[in-house]
Amino acid sequence: MATRNAQNCQNMDEVRVEIDRIDEKMVDLICERFAYVDRAWQLKRSPADAPGPWGVPHVLDNGRARAGLRPDWAPPPCGGGRGPQPG
C-alpha cells in the first residue's frame, strides 16, 4: 500500500492506517537500536564506560532537532493537545 502525506488523508481511517504504518516502523527501529545498545553494554569493559540514562536527553534533543521543533518542546500528555508544533 502506498503511503500518503498527512494532508492527503481524507478521513480518520486513512489517518489511522498511516499512524499504524509509522508505529510499526518505529517499533522495528527501536528493536534494532536496542540490539546495538545491548551489544555496546557487552563490549564495555567497566561500569565507568557506561553513560547512564543521561544519554536519553541526547536522543530526544536529536529527535527534536530533526523534526524542526524547539529545544524545549515536549509532547503533550497522552490523549491531550494537538501534537507537535513546529518551533
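**Helices, salt bridges and surface of a predicted model**

Trainee: Helix α2 (residues 55-67) holds both R64 and D61, three residues apart, about one turn of the helix. In this predicted model, at what N to O distance do the side chains of R64 and D61 meet?

Mentor: A salt bridge requires a side-chain nitrogen of Lys or Arg within 4 Å of a carboxyl oxygen of Asp or Glu. The side chains of R64 and D61 meet in such a bridge, with an N to O distance of 2.7 Å.

Trainee: Is R64 buried or exposed?

Mentor: The cut-off for a buried residue is under 20% relative accessible area. D61 has 41% and is partly exposed. R64 has a relative accessibility of 17%, so this residue counts as buried.

Trainee: Which parts of the chain does the salt bridge between R4 and E14 tie together?

Mentor: The side chains of R4 and E14 meet at 3.8 Å, N to O. These residues are ten apart in sequence, and the pair therefore ties together the segment before α1 and helix α1.

Trainee: Which residues are linked with R4 and E14 in a network of salt bridges?

Mentor: E18 is found in helix α1 and is buried, with a relative accessible area of 6%. Its side chain is joined to that of R21 by a polar contact of 2.7 Å. The network that contains R4 and E14 also links E18 and R21.

Trainee: How many salt bridges does a search of the whole structure find?

Mentor: Among them is the pair D13 and R16, whose side chains meet at 3.8 Å, N to O. Both residues lie in helix α1, three residues apart; D13 is exposed at 55%, whereas R16 is partly exposed at 46%. For the whole structure, the search gives a total of six.

Trainee: What is the area of the nonpolar surface patch that includes I30?

Mentor: I30 lies in helix α1 (residues 12-43). A patch residue needs over 30% relative accessible area, and I30 is exposed at 55%. Together, I22, M26 and I30 make a patch of about 280 Å².

Trainee: Over the ring of which residue does the charged end of K44 sit?

Mentor: Such an arrangement requires NZ of Lys to be within 6 Å of the ring centre. The charged end of K44 is 5.8 Å from the centre of the ring in question, which belongs to W41.

Trainee: What share of the residues of the chain counts as buried?

Mentor: The chain comes to two helices and zero strands. Its accessible surface is about 7,700 Å², of which 60% belongs to carbon and sulfur atoms. Of its 87 residues, the buried share is 8%.

Methods. Residues are numbered from 1 along each chain as its sequence is written. This is a predicted model: local features need pLDDT of at least 70, side-chain atom pairs count only at pLDDT 80 or more; totals for chains, interfaces and linings use all residues. Side-chain values use heavy atoms; hydrogens and water are left out. A charge sits over a ring if NZ of Lys or CZ of Arg is within 6 Å of the ring centre and within 35 degrees of the ring normal. Patches are made of residues with over 30% relative accessible area and no salt bridge: like charges are joined within 9 Å, nonpolar side chains (Val, Leu, Ile, Met, Phe, Trp, Tyr) within 5 Å. Accessible areas come from the Shrake-Rupley method with a 1.4 Å probe; for residues, only the protein chains shown count as cover. Helices (H or I, at least four residues) and strands (E, at least two) are DSSP runs, numbered from the N terminus. Buried means under 20% relative accessible area, exposed over 50%, partly exposed in between (1.4 Å probe, protein chains only). A polar contact is a pair of N or O atoms within 3.5 Å; within protein, one must be able to donate a hydrogen and the other to accept it, and residues adjacent in sequence count only if both atoms are side-chain atoms.
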